[in-house]
Amino acid sequence: MKRFLVIVLLAVAAGPGADIALASEAGDTSPVVLITGANRGLGLELARQYGEAGWHVIGTARKPDAAADLKETGARIVQLDVTDADSVASMATELDGQPIDLLINNAGVLDRNGAFPEVDIDTVEWILDVNVLGPMRVTQALLPNLSAGDRKTIVGISSGLGSLAQNESGGLYGYRESKVALNMFTRSLANELRDDGFIVVAMNPGWVQTDMGGENAALTPEQSISGVRSVIDSLTTEDTGTFRIHNGGTNPW
Ligand SMILES: NC(=O)c1ccc[n+]([C@@H]2O[C@H](COP(=O)([O-])OP(=O)(O)OC[C@H]3O[C@@H](n4cnc5c(N)ncnc54)[C@H](OP(=O)(O)O)[C@@H]3O)[C@@H](O)[C@H]2O)c1
């Protein structure tokens, strides 16, 4: 009876995060993952697969009311626009006190701009805002939640197009730079948080059939994400600061 009362009081105090907080209090040891941009594409597939694997999934969407596919996965949906500091702050308030084991900074944008003389710098600024500043804002806001989690893992969904070593064609201005910067953020944060037991990695999911990747892409979302998940599952603190590929390999920086 006393334990029941404690759980109820904790649930009331925890507010909107109570369902998950209560689940862990009641002895449910399922890990918690937060995925940004989970309403479509790779984010949606991550939400599906982690949900099916028994994780508690928090999926973010810019427009939760329009996130029917995400809702169907059973994920808890939180509103988030990664370019909007107020939206990030509201998410952090909503999740205050909620431990998070794994953060996947997945939300991203690409613009197929052409040759450099025609590149629209405002578009490049938007890409950098979403793909670089977005993960930085979100990670900063959720560090207390991640510190309270058991796994302390942060994954940035990067791209082979963000590899300096593999760039032999150029183009995709803005996108390529954004993923290089995300990689450097990953590496710096990994170094800073190493002694706290964090695992921070960049992940190349391959070329995947989503709105971004297009229908000619090599992999289905199912194939890419089952690989991504098994790489994440295998990570240890020894792997922090690395750039991994969905197939288990290591991507050259
Ligand atoms: N597909 C590939 O071949 C491929 C390859 C390498 C890397 N990646 C990376 O994988 C990640 C997911 O890509 P995807 O293929 O799944 O792309 P996608 O199908 O275009 O989905 C992008 C997701 O990001 C969200 N998003 C965009 N701007 C946002 C913002 N300002 N705030 C919050 N969410 C925002 C979108 O939400 P809305 O629906 O609201 O726009 C959507 O949920 C990206 O980081 C991408 O760079 C993809």
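## Contacts to the ligand

Let's start with Thr210: a polar atom in the side chain of Thr210 sits 2.5 Å from an oxygen atom of the ligand. Keep in mind that this is a predicted model. Arg62 also reaches the ligand through its side chain, where an N or O atom is 2.6 Å from a ligand oxygen atom. Asn106 takes part through its backbone instead, with an N or O atom 2.8 Å from an oxygen atom of the ligand.

How much of the ligand does the protein bury? On its own the ligand exposes 890 Å², and the protein buries 92% of that area.

## The shell around the ligand

In total, 28 residues surround the ligand. By residue type, the shell consists of 12 nonpolar, 11 polar and 5 charged residues.

## The pocket that holds it

Where does the ligand sit? The space taken by the ligand is the largest pocket. Among the structural elements, H3 and H7 are the ones that give two or more residues to the shell around the ligand. The volume of this largest pocket is about 1,100 Å³.

Its lining is made up of 41 residues, and those nearest the pocket centre are Asn106, Gly108, Val109, Thr210 and Met212. If you sort the lining by type, you find 19 nonpolar, 15 polar and 7 charged residues.

## Which elements build the lining

Four elements each supply at least two lining residues: helix H3 (41-52), strand S2 (56-61), helix H6 (121-147) and helix H7 (175-193). Which element gives the most to the lining? That is H3, with 3 residues.

Key. Residues are numbered from 1 along each chain as its sequence is written. This is a predicted model: local features need pLDDT of at least 70, side-chain atom pairs count only at pLDDT 80 or more; totals for chains, interfaces and linings use all residues. Side-chain values use heavy atoms; hydrogens and water are left out. On a 1 Å grid over the protein atoms alone, a cavity is a set of points where a 1.4 Å probe fits but cannot get out, and a pocket is an open set with protein on both sides within 12 Å along at least five of seven lines; lining residues have an atom within 4 Å of a point. Grid points are joined across faces, edges and corners, and a volume is the space filled by probe spheres set on the points. Ala, Val, Leu, Ile, Met, Phe, Trp, Tyr, Cys and Pro count as nonpolar, Asp, Glu, Lys and Arg as charged, and the others, Gly among them, as polar. A residue is near a molecule or strand if one of its heavy atoms lies within 4 Å of it. A polar contact is a pair of N or O atoms within 3.5 Å; within protein, one must be able to donate a hydrogen and the other to accept it, and residues adjacent in sequence count only if both atoms are side-chain atoms. Accessible areas come from the Shrake-Rupley method with a 1.4 Å probe; for residues, only the protein chains shown count as cover. A molecule sits in a cavity or pocket if more than half of its atoms lie within 2 Å of its grid points.
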